[in-house]
Amino acid sequence: MLPTGNLVMSTTEPSCFVPPDNSVGSGLGPQQRGIVDRPSETGPPQHQETRQEIGIYVAAGISLILLGIVLRTALLNWIVGPAFVVTFVVLANRLLDRGRSARR
Amino acid sequence: MSWAAHELESYFIQKHTKVSVSYLAILIGCLLPDMLTKLPVYGIKIGSFALKADVPFQYHRGWPGAGFTHSLLFGLLVAALVFRVTGSREWFLGLLLGQWAHVLTDVFDSVGTMVFFPFTTQHYTTGMWAYAAQQGRYGDAAAYYSSLGGIWDFLWLALALTGFRVFSKSYFFSTVVPADPAWGWLRRRFALSEIAMLALYRAFFVYGACRAISWFLWARFVDHAPLDLRWGGPYWVDKVVLPAQSWQSYLGNTVVGATGFAITCYLAWRFVLRRWWRAAGERRLGIAGVAKAVDVPRPSGNPGHD
């Protein structure tokens, strides 16, 4: 996974990048913003959802459903519900990455 | 009222909008009419402070009350205000589409919405399921997920899933992020990682889907509410129904309301919005011109990515 803000351009799939400054959303392509393609230093970005990523979202969904039946409004409201999903996904990704690097 | 449909419809609208539009604006537009009106409808009590509308449906959808939030003109006003402040066409269109979608979606319950307020206070409703907010949050949830309202939510879930590509990482970074400067701002302001940004984008889909499933299961297995999928159901809830009205009065109100709204839209566009729209376009062209002026020549033989 690339760190946010890297301007690493894939030669096969140019679409997936996060510009580093407020040029995001200006509707301009990278060349128009004066950004020159250069060879990737860290390899092409991950465009496909990995099994780990899909699994994390499924786990977040199942947790939300089961906890939602018990907690109801306390969890199933438009602020806490989405915040639960974001927190779950971010923490689970971090834990799994940490576990993977510890095994190495 | 609709429950999960308002979260799920934002993805559907975004996918089928052919022009560049902000997803966040669509989402906020979809949630906007209920953002501040739902709490008094169900009632809230913090210590000795209690807030509850005397007549929930009147407060939520009627006039006098906060029913104006469920009108097309309210969406136009809010979108125009945001357009003036941000100068973003994408946010203007997103808020407008999202709020209008909410107004039209809520037409399906037994109270409906004042679509053409303030030109008419006529409610438009199909009566597909019972409006039961006066039963409190749990009573409403049980009624909604025991009626065609629940099916309505699952229909929106299916529609959102038909365009599953909108949930992909590549779609998010190639279409959603470039259309909206707010993502860049969010990333910088809160130091969001790529994973967190993507999770934030997908969160309302996961939440909407799980919310519908969770409440449906709760209504079946915890509350044991009988399922009634007939038009206007469920039969067991004391639903709100508006007084019967003659067709002449209905048509008369509709002609007045639709005409007033159409004229207002035309005047708003003719004298205000068109100018702002052009200014936003010129600003964008200006940015493009500056960017082109500082463009560095590309090394020969390197394929372009535009």
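User: Which residues does Phe172(B) touch, not counting residues up to four places away in sequence?

Analyst: A contact is a pair of residues with heavy atoms within 4.5 Å. With neighbours up to four places away in sequence left out, Phe172(B) touches Val177(B), Pro178(B), Trp183(B), Met197(B), Leu198(B) and Tyr201(B). Please keep in mind that this is a predicted model, in which local features need pLDDT of at least 70 and side-chain atom pairs count only at pLDDT 80 or more, whereas totals for chains, interfaces and linings use all residues. Residues are numbered from 1 along each chain as its sequence is written, chains are lettered from A and ligands numbered from 1 in the order in which they are written, and side-chain values use heavy atoms, with hydrogens and water left out.

User: Which residues touch the most other members of the largest nonpolar core?

Analyst: In soluble globular proteins, nonpolar side chains tend to be buried together. A nonpolar core is here a set of buried Ala, Val, Leu, Ile, Met, Phe, Trp, Tyr and Cys residues joined through side-chain atoms within 4.5 Å, where buried means under 20% relative accessible area, exposed over 50% and partly exposed in between, with a 1.4 Å probe and protein chains only. The largest such core has 89 residues, and those that touch the most other members are Tyr23(B), Phe172(B), Trp183(B) and Tyr201(B). Helix H11 of chain B, residues 194–222, gives the most to this core, with 17 residues. Another core lies apart from it and has five residues, including Ile13(B), Val21(B), Ile26(B) and Cys30(B).

User: How many helices and strands are there in chain B, and in chain A?

Analyst: Helices (H or I, at least four residues) and strands (E, at least two) are DSSP runs, numbered from the N terminus. Chain B has 12 helices and two strands, and from its N terminus the elements run α-α-α-β-β-α-α-α-α-α-α-α-α-α. Chain A has two helices and zero strands. In chain B, 53% of the 306 residues count as buried, while in chain A buried residues make up 44% of 104. Among contacts between residues at least 6 apart in sequence, 70% of those in chain B join residues at least 24 apart; for chain A the corresponding value is 53%. Taken along the principal axes, the C-alpha atoms of chain B fill a box of roughly 75 × 45 × 40 Å.

User: At what angle do helix H1 and helix H8 of chain B pack?

Analyst: Axes are lines fitted to C-alpha atoms, for helices over the stretch in contact, and angles run from 0 to 180 degrees between N-to-C directions. H1(B), residues 5–16, and H8(B), residues 148–162, pack at an angle of about 25°, with their axes 9 Å apart. That makes H1(B) roughly parallel to H8(B), as angles under 35 degrees count as roughly parallel, over 145 as roughly antiparallel, 65 to 115 as roughly perpendicular and the rest as oblique. From H1(B), Ala5(B), Leu8(B), Glu9(B) and Phe12(B) make the contact, and from H8(B), Trp152(B), Asp153(B), Trp156(B), Leu157(B), Leu159(B) and Ala160(B). These residues divide into eight nonpolar, no polar and two charged, with Ala, Val, Leu, Ile, Met, Phe, Trp, Tyr, Cys and Pro counted as nonpolar, Asp, Glu, Lys and Arg as charged, and the others, Gly among them, as polar.

User: And at what angle do H7(B) and H11(B) pack?

Analyst: H7(B), residues 136–144, packs with H11(B) at an angle of about 90°, their axes being 9 Å apart, and the two helices are therefore roughly perpendicular to each other. Tyr138(B), Ala141(B) and Ala142(B) in H7(B) meet Trp215(B), Trp218(B) and Ala219(B) in H11(B), and the residues of this contact divide into six nonpolar, no polar and no charged.

User: Is Arg202(B) buried or exposed?

Analyst: Arg202(B), which lies in helix H11 of chain B, counts as buried, at 6% relative accessibility. Apart from residues up to four places away in sequence, Arg202(B) touches Glu49(A), Glu53(A) and Tyr57(A), together with Tyr11(B), Phe167(B), Ser168(B) and Lys169(B).

User: Where does Leu51(B) lie, and which residues does Leu51(B) touch?

Analyst: Leu51(B) lies in strand E2, residues 49–51, of chain B and counts as partly exposed, at 36% relative accessibility. Not counting residues up to four places away in sequence, Leu51(B) touches Leu39(B), Pro40(B), Gly43(B) and Ile44(B). Leu39(B) lies in helix H3, residues 38–42, of chain B and is partly exposed, with a relative accessible area of 40%. Beyond its neighbours within four places in sequence, Leu39(B) is in contact with Ile44(B), Leu51(B) and Arg137(B).
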